[in-house]
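Here are my notes on this entry. Please read them with the model open beside you.

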2 protein chains.
Amino acid sequence: MASVDVGIGLLGYGTVGSSVNRMLVESADEIERATGHRLRVVRALVRDPAKERPFPAGDGVLTTDFETFRDDPEVQIVAEVMGGLSPAGDYVRALLGAGKPVVSANKQLIARDGAELFAAASAAGVQLRFEASVCAAIPVVKVLRESLVVSNVHRVLGIVNGTTNFMLSSMERGGSYADALAEAQALGYAEADPTDDVSGADAAAKMAILATVAFGSRVRFEDVECRGIEELEPVHVNAAAQLGMVIKLVGIATLLDGAVDVRVQPALVERSHPLAAVDGAFNAVMLQGDAIREITLEGPGAGGVETASAVVADLVSVVGTAGTGFLQNDACWRELARLPSSEWRSPFYVHLEVSDRPGVLAHAASRLAAHDVSIAQLVQRLEDGAAAIELVLHRAPFGEVSAALREIAAFPEVLRPPFVLPVIAERGL
Amino acid sequence: MASVDVGIGLLGYGTVGSSVNRMLVESADEIERATGHRLRVVRALVRDPAKERPFPAGDGVLTTDFETFRDDPEVQIVAEVMGGLSPAGDYVRALLGAGKPVVSANKQLIARDGAELFAAASAAGVQLRFEASVCAAIPVVKVLRESLVVSNVHRVLGIVNGTTNFMLSSMERGGSYADALAEAQALGYAEADPTDDVSGADAAAKMAILATVAFGSRVRFEDVECRGIEELEPVHVNAAAQLGMVIKLVGIATLLDGAVDVRVQPALVERSHPLAAVDGAFNAVMLQGDAIREITLEGPGAGGVETASAVVADLVSVVGTAGTGFLQNDACWRELARLPSSEWRSPFYVHLEVSDRPGVLAHAASRLAAHDVSIAQLVQRLEDGAAAIELVLHRAPFGEVSAALREIAAFPEVLRPPFVLPVIAERGL
């Protein structure tokens, strides 16, 4: 890459693609200072060249023909900003196979086919970077792969979906799930069909990518245990507040004794924990490892400009490291077992609704004790002859907690199935 | 750098140097996966080779002679982990001049002589990296230089001194400045002579480095306006709590209309602001820019292992990017003017102690209004015929606020000089 100009090809030229082109034009001097090269968009593959675009491409740049794009010798690095699994996946594979480095903003593609694409890039001896596929401008992939090489990261905690985080902040201020969803939709944070966000699927795709990079072992979207926020009620949010905590949709990836557990679910977070302060549509990722204790990165996790900025950062890194191949695309270099869900350990919060009969509390406590699960905090509230019991349990294996709760649920005094969430409390201070 | 082994030279072999060697040995496989190379310490310059060390160097590695070190062809990259300005500065200059890339953990050296060293590295065509010189394992230099190339960062906010942050957390829980200092000293967070921390000098050196990197213009240690925490009293901490804020020692670097302002001083931080949650000995840096809105990095800002992990990350980055020179060492590529202190704008907090005479409040308010400074919040407390007035002022130029306060201080009713701190409130949500 000795020429002064590096030709960039864009797969897709929508909101993100337009922003990428604009940034490359407007920041050409900064990029040349960092890398010694000037980057220029020479080709963009689109479906409809006639469409109006926020920052128009140059004359003759737009094409509808993939082969023209792939075979253009001027295209030296490709940014995939089209999204979707197909045809984006086939295009990326073909371009890597043709020896072109690729930068992808495509969360679904990397979460599902990442391992194959990393292998294809390695086989072709070219780089595949994907910073923009997770948390937009927050540079968590670069930090994991280039700064924390020797840190043995064994836990990743993330608030990686801004829509649900906004909704939970809104529920904290009072208001039902339905109110919070309506507010998020009115402000444009949530889609008309919010399923992908509120079910946790969006967060699960991001956690699959983060866990893969952090642990070096393939974690697919399907490997992530996932629970959304649809079942949360004001009663849970209020109980959390009483306990000095807030409810967040948290991704938790754990590496324990050579096995991996990745999950997305609502969790109680202690107010003093850095993740508790992540407000509104922001994202945060906390990385815990041997040498670093914990490092937290927070910022806007979505947005066209923010995503484009991560794409450009990846392009800059490819140009800046093209001679050496740093990094070596070996995001999956080992195969770790999946930790059985029953062995996953955490403190837990339990909400129990029981008829107010003497002895039920002692009975429940004895079932927990029988499974070696001890109680850290207990709050009991009375309402019309029924009682709500809020329990915070010390760190215990999920299997033991579940077994005790199955026994407790069988008591005639227990009116509804127990509601369980993990608690995020400890930090590396 | 085609050989499988890359020889590393260590300038200094104390706590950090020993940790670097241990990490290079124990993480050799991870490093080879990331870079394709195995790194090995081949030389370490020390004063006393006989000294007992936590992780001993290999046979024949230790030397006391700088020329032997410099001229050893096996030393391909140097990590400077000796600290101090002299002889570290001369050694680094000589090694860059001899064409050896250097990684430095030396805050004082980079803060004072950074610009000359960057130029020396550029002239020699080798890399100079310095991640470990600021905030230990928090990868803020890499993020600024490699991820935020096109983000036009215009503001850096930092809690970059763990000792004072620990002391302020302790004062928040009640207790005087003297108590907090004694506690920090007992726990080993503060030195017997705490001046460097409590005066803000340590934070000022770090902010000088961060501002230089963020704005690409030289900011020296001497350019940082600096105020320590020695004058803080429980009354200020309590007033902050009443206003829903906490007091932190904050570094604030601002790029405004092509001029730079860098300062370290106690500031009031709103509880909902991410910096308010930074607790104990942790550090955090918030970067605000056009494309990214704001990105916050938090983690342990000190410690031998944490610092060593940043040194190793820099070594890995040098190896991984050696063929291309990424980045180009141009951390200072322009000369920005220094913003006159009077034009620096912020919301401000003012603590006034006045005799309880009617009209003093109206009088003070009219002086502020005369300087176009408006009041956002006001709390008045009465104590034994005297009154404490806590004011939060809307964003205004420091010069106008100061002028109004000079006029107010001249009132006979004002018992002590007004006490002023900036307020950190706004965020990019």
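In what order do the 6 strands of the open sheet in chain A run? The points below start there. Bear in mind that this is a predicted model.

1. **Sheet order.** The order is β3-β2-β1-β4-β5-β6 in chain A. Pairing is parallel, and the sheet is open. The edges belong to β3 (62-63) and β6 (128-129) of chain A. Each has a single partner strand, so one side of each lacks a neighbour in the sheet.

2. **The β1/β4 pair.** In chain A, strand β1 (residues 5-11) pairs with strand β4 (residues 77-80). The sense is parallel, over 4 bridges. Look for Ile8(A): it stands opposite Ile77(A) in β4(A).

3. **Helix on the sheet.** Helix α1 (residues 15-26) of chain A packs on this sheet. It touches β1, β2 (38-45) and β4 of chain A. The direction of the helix makes about 155° with that of β2(A).

4. **Nonpolar core.** The largest nonpolar core holds 303 residues. Which of them touch the most other members? They are Val311(A) and Val311(B). Neighbours within four places in sequence aside, Val311(B) contacts Val16(B), Val20(B), Ala79(B), Val81(B), Val103(B), Ala105(B) and Ala132(B). As background, nonpolar side chains tend to be buried together in soluble globular proteins.

Technical notes: Residues numbered from 1 in each chain as written. Chains lettered and ligands numbered in written order. Predicted model: local features only at pLDDT ≥ 70, side-chain atom pairs only at ≥ 80, totals over all residues. Core = buried A, V, L, I, M, F, W, Y, C linked by C-beta atoms within 7 Å. Buried ≥ 20, exposed ≤ 12 C-beta atoms within 10 Å, placed from the backbone. Contact = placed C-beta atoms within 7 Å. Pairing = 2+ DSSP bridges. Helix = DSSP H or I, 4+ residues; strand = E, 2+ residues; numbered from the N terminus. Axes fitted to C-alpha atoms, helices over the stretch in contact; angles between N-to-C directions.
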